[in-house]
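Open the structure in your viewer and keep the selection tool at hand.

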Amino acid sequence: MLLGAVLAAVGAGIAVVALAALTGGRPSALGAAIGAGLVITVLALGSFVVHVVAAAMPSASLLVALLTYGLQLAVLIAVFAALDRSGDLGTVVSRGWLAAGVIVGTGVWVAAQTWLSTKARIPLYDLADPAASEREEAGAR
């Protein structure tokens, strides 16, 4: 699921960067690329961490997912603050296209991950071996 969401978000990011380059030039393309690339990196790393923890210790997966979400927000805010303090936001990097890259990347990521999750065949429970249950019933008589 992670790879599918990454590929979908990368495709959308490339489309946003191309549109930004055609309509606004280098600052727009740079803003869209930074926005989409940042979101894809942050979401991919977060999903990977949650996946690894869920496989190793399922009881901690909800806690790790919530902590990862908070960390993702903190990273995004820190990068935006650093861009704003550098003075490049608005001159070298287009604010609008940065936001467009973030919004499109996030929207496509969420849509792709939702669609892939609904199509995944993940069993809710393990079915007992029919041969084992017949042996148990035979011994119970």
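**Stop 1: the whole chain**

Remember as you look that this model is predicted. Show the chain as a cartoon. Its secondary structure comes to five helices and zero strands. Follow the chain from the N terminus and the elements run α-α-α-α-α.

How much of the chain is buried? Of the 141 residues, 26% are buried. Contacts also reach along the sequence: among those between residues at least 6 apart, 73% join residues at least 24 apart.

**Stop 2: the largest pocket**

Rolling a probe the size of a water molecule over the atoms shows where empty space is left. Select Leu 43, Ser 47, Gln 72, Trp 109 and Gln 113. Of the 13 residues lining the largest pocket, these are the closest to its centre. The volume of this pocket is about 220 Å³.

Next, colour three helices: H2 (26–56), H3 (61–86) and H4 (95–119). Each supplies at least two residues of the lining. Which helix gives the largest share of this lining? Helix H4 does, with five residues. Colour the lining by residue type as well.

**Stop 3**

Select Met 1, Leu 2, Ser 47, His 51, Gln 113 and Ser 117, which line the second largest pocket. Helices H2 and H4 are the elements that give two or more residues to this lining. The space here is about 180 Å³. Two lining residues are nonpolar, four are polar and none is charged.

**Stop 4: the salt bridge**

Side chains of opposite charge can pair when their charged atoms come close. How many salt bridges does the whole structure hold? A search finds one. Show the side chains of Asp 84 and Arg 95, which meet at 3.5 Å, N to O. Asp 84 lies in helix H3 and Arg 95 in helix H4, so the pair ties together parts that are eleven residues apart in sequence.

Are these two residues buried, exposed or in between? Asp 84 is partly exposed, with a relative accessible area of 45%. Arg 95 is partly exposed too, at 47%.

Technical notes: Residues numbered from 1 in each chain as written. Predicted model: local features only at pLDDT ≥ 70, side-chain atom pairs only at ≥ 80, totals over all residues. Heavy atoms only, no water. 1 Å grid on protein atoms, 1.4 Å probe; cavity = no way out; pocket = protein on both sides within 12 Å on 5 of 7 lines; lining within 4 Å. Points joined across faces, edges and corners; volume = space filled by probe spheres on them. Helix = DSSP H or I, 4+ residues; strand = E, 2+ residues; numbered from the N terminus. Nonpolar A, V, L, I, M, F, W, Y, C, P; charged D, E, K, R; others polar. Salt bridge = Lys/Arg side-chain N within 4 Å of Asp/Glu carboxyl O. Buried < 20%, exposed > 50% of the residue type's maximum accessible area, 1.4 Å probe, protein only. Contact = heavy atoms within 4.5 Å.
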